[in-house]
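Work through the exercises below with the model open. Each task is followed by a solution in steps.

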Amino acid sequence: MTTKDEKYMQLALDLAASAKGNTNPNPLVGAVIVKNDIIVGTGLHRKAGEPHAEVHAFRMAGEHAQNATLYVTLEPCSHFGKTPPCANLVKDSGVSRVVVAMQDPNPTVAGRGIQLLRDAGITVEVGVLEQQARRLNERFIHNMLTKRPFIISKFAMTVDGKIATHTGHSKWVTGKAAREDVHRIRHEVDGILVGVGTVIADNPSLTTRLSEGYGKNPTRIIMDSLLRTPLDANVLNTEEAPTILVCSNDVSQEKIDLLINKGLTVLPIEKDERGLNIDEMLARLYEHGITDILLEGGSKVNASFLQQGAIDKYVIYIAPKVLGGNLSLTPFAGSNPSLMNEAWQVEFASFDKIGEDLCIIAYPKQGEEN
Ligand SMILES: NC(=O)c1ccc[n+]([C@@H]2O[C@H](COP(=O)([O-])OP(=O)(O)OC[C@H]3O[C@@H](n4cnc5c(N)ncnc54)[C@H](OP(=O)(O)O)[C@@H]3O)[C@@H](O)[C@H]2O)c1
C-alpha cells in the first residue's frame with residue numbers, strides 16, 4: 001500500500017524526471033510542499049545555474065509553508081554553488097517536517113544539509129522511495145563517487161544476438177519506434193561514443209532526430225587511434241554537433257592540427273593492450289564536462305568497455321528477427337570464455353515492448369566486477 005509520504009514523494013520524483021537531459025552536471029530534483037493534505041507548492045530543478053527545486057516550491061507556497069511538510073527527492077544542499085544553500089532556505093521557511101528520498105552523494109553535502117535542519121529542530125525523515133530516487137539520479141551518484149561519466153551501453157540485436165550481418169550491414173536491426181527511443185536517450189546524455197570501425201562501416205551522423213523535432217545533440221566521441229576517420233564522414237560535420245576524436249598520443253601533430261582547424265577537438269591519450277586506454281579517456285572526458293555517455297558500439301569498443309568494467313547500464317533492443325550463421329557480429333567481441341561461470345552477470349531491471357521490438361534495461365550485477 002502506498003503511504004501519503006510515498007504518494008507525495010512520487011509526485012516530487014515525477015517532477016524531477018521531467019527535466020531529464022537538461023540539468024547535467026547537476027542532479028534531477030523535485031520538491032512538493034504539503035499542508036493539511038493539500039499541495040501548496042511544487043518545484044523542480046530545470047537547468048544547471050537556475051534555481052533549485054526547493055526555491056520554486058517555496059515561492060509558490062509563500063506563507064502556506066508555515067508548519068507544512070516539504071517532500072524533496074534529494075537532501076537540500078548545504079554549500080554555496082552557483083546558487084545559495086537550500087538547507088538555509090528550508091530552515092527559515094517555517095516548515096516543521098522534511099521528508100527526503102536520499103542523502104546527497106556529493107562529498108561537500110553528504111548529510112550536512114539534513115544535520116543543519118535537524119539542529120534547527122525540524123523533523124527530518126530520510127529514505128522514502130529511496131531506490132527510485134537513486135535510479136533517477138544514477139548518473140549524478142556515479143559522477144560524485146567516481147569522477148567519471150556514467151556509461152550506458154546500448155545495442156540493437158536480433159533474437160539470435162546479431163548486431164549486423166557478416167558484411168557489416170545493420171540498417172536497420174530494429175523498427176522505427178525503437179530507433180526513436182534511442183534518439184530520446186541521445187537527447188538526455190552529454191556524449192555519444194562509437195569506435196572508428198562503426199564510423200567507417202555506417203557513416204552515422206550520431207545526432208538526435210526526434211519526430212517532434214525537438215532534441216539536443218550530444219557531443220560525438222570517436223575512438224580512433226590513428227585518426228583514420230574519413231574527412232568527409234558525417235561525424236566530422238561540426239555544424240551539426242561537436243565532435244571529440246580520441247587518438248593515440250603518438251599521432252603526428254600535423255594530422256591533429258588538420259582536424260583542429262576543421263573545428264574538431266582531438267584528445268591524444270595512452271594506448272594499452274586493448275587499444276586506447278578507456279580509464280584515461282573517461283577521466284579526460286569528465287574534465288571536458290561529459291557526465292554521461294551513450295555507448296553505441298561496435299563490438300570491439302563494447303568489448304573493451306565490458307572488460308574494463310566501465311559499463312554502468314545496458315539498454316538492449318531485441319528485434320523479432322533471426323539472422324542465423326556464425327559470421328555475423330554480436331554486441332561484444334573480445335575473449336571467448338570456455339565456461340558459463342565466466343560470463344559477466346547482469347540484472348534485468350525492466351522490459352518493455354516498443355513497437356515490434358523489445359527493450360530490456362539491465363545493470364551489472366551488484367557485487368560482480370561488472
Ligand atoms: N546494431 C547495433 O546496435 C550496432 C551499433 C554499432 C555498430 N554496429 C555495427 O558494428 C560494426 C562495427 O563494429 P567493430 O567492432 O568492427 O568496430 P568498432 O567497435 O566500432 O571500432 C573498433 C575500432 O575502434 C578503435 N579503438 C580504439 N581504441 C579501442 C579500444 N580500447 N577498444 C576497441 N577499439 C578501439 C580501433 O581502431 P584503431 O586501432 O584504428 O583505433 C578498433 O578497430 C559495424 O558493422 C556496425 O554496423 C551495430
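A salt bridge is a side-chain nitrogen of Lys or Arg within 4 Å of a carboxyl oxygen of Asp or Glu. The model used here is predicted.

**Exercise 1. A lysine without a salt bridge**

Task: Locate Lys 162 and state which side chain of opposite charge is nearest.

Solution: 
- Step 1. Lys 162 is found in the loop between E6 and helix H7 (176-188).
- Step 2. Lys 162 is buried, and the nearest side chain of opposite charge is that of Asp 160, 4.6 Å away.
- Step 3. A salt bridge has to fall within 4 Å, and Lys 162 has none.

**Exercise 2. Aromatic pairs**

Task: State how many aromatic pairs the structure holds, and classify the pairs that involve Phe 332 with Phe 155 and with Tyr 314.

Solution: 
- Step 1. There are three aromatic pairs in the structure.
- Step 2. For Phe 155 and Phe 332, the ring centres are 5.4 Å apart and the planes stand at 85 degrees, so this pair is edge-to-face.
- Step 3. Phe 155 belongs to strand E6 (residues 150-158), while Phe 332 is in the loop between strand E14 (313-319) and strand E15 (346-354), so the pair ties together parts 177 residues apart in sequence.
- Step 4. Phe 155 is buried at 8% relative accessibility, whereas Phe 332 is partly exposed at 22%.
- Step 5. Tyr 314 and Phe 332 have ring centres 6.4 Å apart and planes at 70 degrees; planes over 60 degrees apart count as edge-to-face, so this pair is edge-to-face.
- Step 6. Tyr 314 lies in strand E14 and is 18 residues from Phe 332 in the loop between E14 and E15. Tyr 314 is buried, with 5% relative accessibility.
- Step 7. Phe 155, Tyr 314 and Phe 332 together form one aromatic cluster.

**Exercise 3. A charge over a ring**

Task: Find the ring over which the charged end of Arg 135 sits.

Solution: The ring is that of Tyr 363, and the charged end of Arg 135 is 3.8 Å from its centre.

**Exercise 4. Helix H10 and its ends**

Task: Describe the buried residues of H10 and the residues at its start and just after it.

Solution: 
- Step 1. H10 covers residues 278-287, and its buried residues include Ile 278, Met 281, Leu 282, Ala 283, Leu 285 and Tyr 286.
- Step 2. At the start of H10, a side-chain oxygen of Asn 277 comes to within 3.1 Å of the backbone nitrogen of Asp 279.
- Step 3. Just after H10, Gly 289 has a positive phi of about 90 degrees.

**Exercise 5. Backbone geometry in loops**

Solution: 
- Step 1. Asn 36, a residue other than glycine, has a positive phi near 45 degrees, and its loop runs between E1 and strand E2 (38-44).
- Step 2. Leu 227 has a positive phi near 55 degrees, in the loop between strand E8 (219-223) and strand E9 (243-248).

How values were computed. Residues numbered from 1 in each chain as written. Predicted model: local features only at pLDDT ≥ 70, side-chain atom pairs only at ≥ 80, totals over all residues. Heavy atoms only, no water. Phe/Tyr/Trp six-rings, centres within 6.5 Å; stacked < 30°, edge-to-face > 60°. Helix = DSSP H or I, 4+ residues; strand = E, 2+ residues; numbered from the N terminus. Buried < 20%, exposed > 50% of the residue type's maximum accessible area, 1.4 Å probe, protein only. Lys NZ or Arg CZ within 6 Å of the ring centre and 35° of its normal. Lys, Arg positive; Asp, Glu negative; His and termini not counted. Polar contact = N/O pair within 3.5 Å; in protein donor to acceptor, adjacent residues only side chain to side chain.
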